Amino acid sequence: MAIDLYSAAIDLDYASDTIFASRSKAKLGKLLWEDALSDAHKVIELHTSSHVGYQLKHAALHGAQRYNEAIEAFQMMLANLDNAHDMEIRKLREQYVSPTEAECIIGKAIDAQLDTTRFVYSTPPPGSCHPDLRMERIAEVVATYFSCVMLSHRWEGKELLLQDIQGKVVYDLDPIGTTVKLQTFCKIARDAGYLWAWSDTCCIDQNNNVELQRSVNSMFAWYRHAALTIVYLPDVPPSSTSGALANSVWNTRGWTFQEFLASKAILFYQKDWSLYLDDRSPNHKESAAIMQESTGLVAFRPGMSGARERLQWASTRVTTLQEDVAYSLFGIFGVHLPVIYGEKKQNALGRLLQEIVARSGTSLPWTGSDDHQTLPRTLPSLSEDEIQTQVSSLRHTVPVGFASTFYTLLDNTSAPRFANCRLHLPCITFRVTEVRRRHSPAQETRFTYGVKADGLCDLLITTEETVTQFSRAKPTRQVFLLVRPWDRQLLELPDFAEQPALADDVENIGDWSEPGSPLDDSDELPSGSPVEEELDGSESHSRALRLIVRLGQPFGAFLLGQQRGGEYKRMASDRDIVAQVRDVASVHSMMDIRTLEIL
């Protein structure tokens, strides 16, 4: 109706730039881009110096997706605003930023977004940004545009590689084999409103060592900053019930473990690409039932905290390439190390463990030969009631001074470290006094030995390595030790790194009163009083006894053989060496505390 009225006025020769501008606006409202553009040109022709005509031209060109021309019209609009004689019209200029200024701020937003993605882009030309331009909306739009969906899956048969899809439309490929998986994944991502999808099969150039290195070290961050991770479970049939996810091969793989921990939002899909348990919530990490079937870990931060536990989580996972046992853990620990396929699992894990020890100061016992498990196993711990019961019994058998000396000795022990490719490991050591080989068939490649050590219960050790038989009566020159790597967490000291900030955790100094002042009417004991010293001594004694109780529990041990240069070499065992102190009250049997140099 409005368009017809403005058209009638123009036909009656009442045409003016104002009427053409009004009709152009009406046509814009009807998405009639070309007609609106024609009227905008009339406005410019009738009033060249006005900004209105160029404003309408910009809107029409933008609607028609003729963006380069729209930018030119926008620049002309800004120029007319800058040159306007009317001060009120010139003030309108403050509402806009120039394309150059917009490019600058958009470039910054893109920089921030792409710091956490793998996309390559051309940096916009340098320039100074508009000082008053607010970034929130631009950053939001840029982040939305670059939001990416990641695929977490197990490789099956012949997967499509980068060379197979480069320069092609995924949906145009023949829907056979694993191509269907990629096409369906992309379709689900597209239907969810995302423009970008990423799969490790075809988004990494496997033949480019530089890109492969960067990808392995960046994988955790990419999954962490993804908008969504889609997990495909081809071994979980449609309409499965609870428990199917727990039994999926996906739950046994090394890389999928990292992908799960890193992802903030996850959806699990069954073989037919239907949602697992028909759970249509936006994030399956918020489903308690589904999380019970995976690791159960929902909130996770990469780093060195709880290094032993993190290695234990990963210890049952397997990888196709042996080095990936270590490489798939880089992101979990927040480390960046060279990726050297062909170096073998032992070397890759050694480099990772070296980095963990160097940065965390934590000793990490590991077991196994090249063919066997090489990550630590956590042994069951005592309950608080069990600890208190044993502490009570030790009070009558372990002298106070002896317990305190033992505690202080361990408290002053240095942290483990790597130097010159050797591990300097603080240990509680137990000298092996007898090794006797058990009878086994001649063709056996692994041997079982009965081992006795001072202060420890007798135990059996199975290994591929030959351990020279000896006894106390017939000793050999080589020294063997069973050692317990020292772990400072057994001291039960507070972790100040995890404490709240001081300013948030203490009272204002102004609320304190000087000790002994008239304002201090508390019943606290004066410092250094006999009663206070007795209380401190009792607490220290209890702490020392608690340590002794913990050290009396079964522990993962190393069997070390001394080499000619005085350093030690670990004798790889077929399975964990679990040792236990023979008599926890005999503290002297645990007093041999040294830092050993291990090859």
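User: Which residues does Ile230 touch, not counting residues up to four places away in sequence?

Analyst: In this predicted model, Ile230 touches Val149, Met150, Leu151, Ser152, Phe185, Ile188, Leu267, Tyr269 and Trp273. Ile230 is also one of the four residues that touch the most other members of the largest nonpolar core, along with Trp198, Phe268 and Phe333. That core has 68 residues, and helix α11 (residues 209-224) gives the most to it, with 6 residues.

User: What does the second, separate core include?

Analyst: The second core has 43 residues, among them Val398, Phe430, Leu482 and Ile577.

User: Why is Ser542 called buried?

Analyst: Ser542 has a relative accessible area of 17%, and buried means under 20%, so Ser542 is buried. Its place is in helix α21 (residues 530-551).

User: What makes the pair of Ser542 and Arg395 a polar contact?

Analyst: The side chains of Ser542 and Arg395 are paired at 2.6 Å, and the cut-off for N or O atoms is within 3.5 Å. The pair therefore counts as a polar contact.

User: How do you know that Lys187 and Asp191 meet in a salt bridge?

Analyst: Their side chains come to 2.8 Å, N to O, and the limit is within 4 Å. Both residues lie in helix α10 (residues 179-191), 4 residues apart, about one turn of the helix.

User: Are Lys187 and Asp191 buried or exposed, and why?

Analyst: Lys187 has 40% relative accessibility, so Lys187 counts as partly exposed. Asp191 has 52%; exposed means over 50%, so Asp191 counts as exposed.

User: What makes the pair of Asp458 and Lys452 a salt bridge?

Analyst: The closest N and O atoms of Asp458 and Lys452 are 2.6 Å apart, and a salt bridge needs such atoms within 4 Å. Asp458 is partly exposed because its relative accessible area is 47%, and Lys452 counts as partly exposed at 33%.

User: How many salt bridges does a search of the whole structure find, and which residues are linked in a network?

Analyst: The search finds 20 salt bridges. Glu384, Glu492, Arg546 and Arg550 are linked in a network of them.

Definitions and conventions:
Residues numbered from 1 in each chain as written. Predicted model: local features only at pLDDT ≥ 70, side-chain atom pairs only at ≥ 80, totals over all residues. Heavy atoms only, no water. Core = buried A, V, L, I, M, F, W, Y, C linked by side-chain atoms within 4.5 Å. Buried < 20%, exposed > 50% of the residue type's maximum accessible area, 1.4 Å probe, protein only. Helix = DSSP H or I, 4+ residues; strand = E, 2+ residues; numbered from the N terminus. Contact = heavy atoms within 4.5 Å. Polar contact = N/O pair within 3.5 Å; in protein donor to acceptor, adjacent residues only side chain to side chain.
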